[in-house]
Amino acid sequence: MNIRPAIQSSLYEAQNVLNQFIQDPRTIECMDEAVHLIKGVFERRGRIFACGNGGSMCDAMHFAEEWTGRFRKNREPLPAIALSDPAHLTCVANDFGFDEVFARPILAFGHPGDLLIAISTSGNSTNVLRAIEAAKSQQMTVFGLLGKDGGKMKPHCDLCLIAPGSTSDRIQEIQMMVLHILIEGVERLMFPENYTGG
């Protein structure tokens with residue numbers, strides 16, 4: 001079986017989704033807002049929390065480690081936490097139900113001025129929606145990185161970016177790219193010496 005046409009089709013599909021995202025005038029405006037939002041949180045010594053399910057959890061973890069570790073060049077570590085501790089997740093899921101696995105740590109650790117990045121390809125994950133509600137109760141800001149039409153989460157976010165695409169994989173590809181560009185944008189503002197000549 002020749003799989004090459006399917007591979008080529010997938011590449012073209014990904015390219016078309018990216019082009020659609022780039023051509024939306026709201027894309028760059030929203031990402032600019034998100035960069036300044038994140039920068040402000042760090043400058044106030046607030047914390048960023050990120051959560052999502054499945055691949056979105058992997059993206060939250062990837063995003064967080066590039067703040068506490070590094071992105072392209074060395075700089076001070078910055079406080080970002082992915083809500084991904086398996087002991088916590090199974091404890092809360094067992095005692096309170098899976099819908100509460102992200103809300104409980106937000107209630108425990110979130111403070112006014114902190115930021116929650118809520119990642120969902122559908123915008124309808126109940127446990128992420130509960131995290132948003134918990135963040136609001138803690139006077140935190142919420143940035144939603146969503147897919148499809150934004151789902152139930154969209155109206156509860158202070159800032160929201162919706163990735164195009166009809167399948168979770170295409171949406172997640174856009175979302176991970178967004179997270180990388182947000183990190184770069186914040187670093188360019190906070191650590192310009194890391195980007196001299198670029």
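**View 1. Arg45 in the loop between α2 and β1.** In this predicted model, Arg45 lies in the loop that runs between α2 (25–43) and β1. Its phi is near 65°, a positive value in a residue other than glycine. Most residues other than glycine have a negative phi. Arg45 is exposed, with a relative accessible area of 54%.

**View 2. Lys148 in the loop between β4 and β5.** The loop between β4 and β5 holds Lys148. Phi of Lys148 is near 55°, again a positive value in a residue other than glycine. Lys148 has a relative accessible area of 43% and is partly exposed, as this value falls between the limits of 20% for buried and 50% for exposed.

**View 3. The open sheet of five strands.** The strand order is β2-β1-β3-β4-β5, and the pairing is parallel. β2 (80–82) and β5 (159–163) are at the edges with a single partner strand each, so one side of each has no neighbour in the sheet. From one strand to the next, the twist averages 15°.

**View 4. The pairing of β3 with β4.** Strand β3 (residues 115–120) and strand β4 (residues 141–147) run parallel and are joined by six bridges. Within this pair, Ser120 of β3 stands opposite Leu146 in β4.

**View 5. Helix α3 on the sheet.** Helix α3 (residues 55–68) packs on the sheet and touches β1 (48–51), β2 and β3. The direction of α3 makes about 155° with that of β2. The helix has 14 residues and reaches 20 Å from its first C-alpha to its last, close to the 20 Å expected at 1.5 Å a residue. Its buried residues are Ser56, Met57, Asp59, Ala60, Phe63, Ala64, Glu66 and Trp67. The elements that cover these buried residues include strands β1, β2 and β3, together with helices α2, α4 (86–96) and α7 (168–190).

**View 6. The surroundings of Met140.** Met140 is located in the loop between α6 (126–137) and β4. Met140 is buried, with a relative accessible area of 4%. Apart from neighbours within four places in sequence, its contacts are Phe49, Ile106, Gly110, His111, Asp114, Leu115, Leu116, Ala135 and Asp158. One of these, Asp158, is 18 residues from Met140 along the chain, and the C-alpha atoms of the two are separated by 9.7 Å.

Notes:
Residues are numbered from 1 along each chain as its sequence is written. This is a predicted model: local features need pLDDT of at least 70, side-chain atom pairs count only at pLDDT 80 or more; totals for chains, interfaces and linings use all residues. Side-chain values use heavy atoms; hydrogens and water are left out. Two strands pair if DSSP finds at least two bridges between them. Helices (H or I, at least four residues) and strands (E, at least two) are DSSP runs, numbered from the N terminus. Axes are lines fitted to C-alpha atoms, for helices over the stretch in contact, and angles run from 0 to 180 degrees between N-to-C directions. Contact means heavy atoms within 4.5 Å. Buried means under 20% relative accessible area, exposed over 50%, partly exposed in between (1.4 Å probe, protein chains only). The expected span of a helix is 1.5 Å times one less than its number of residues.
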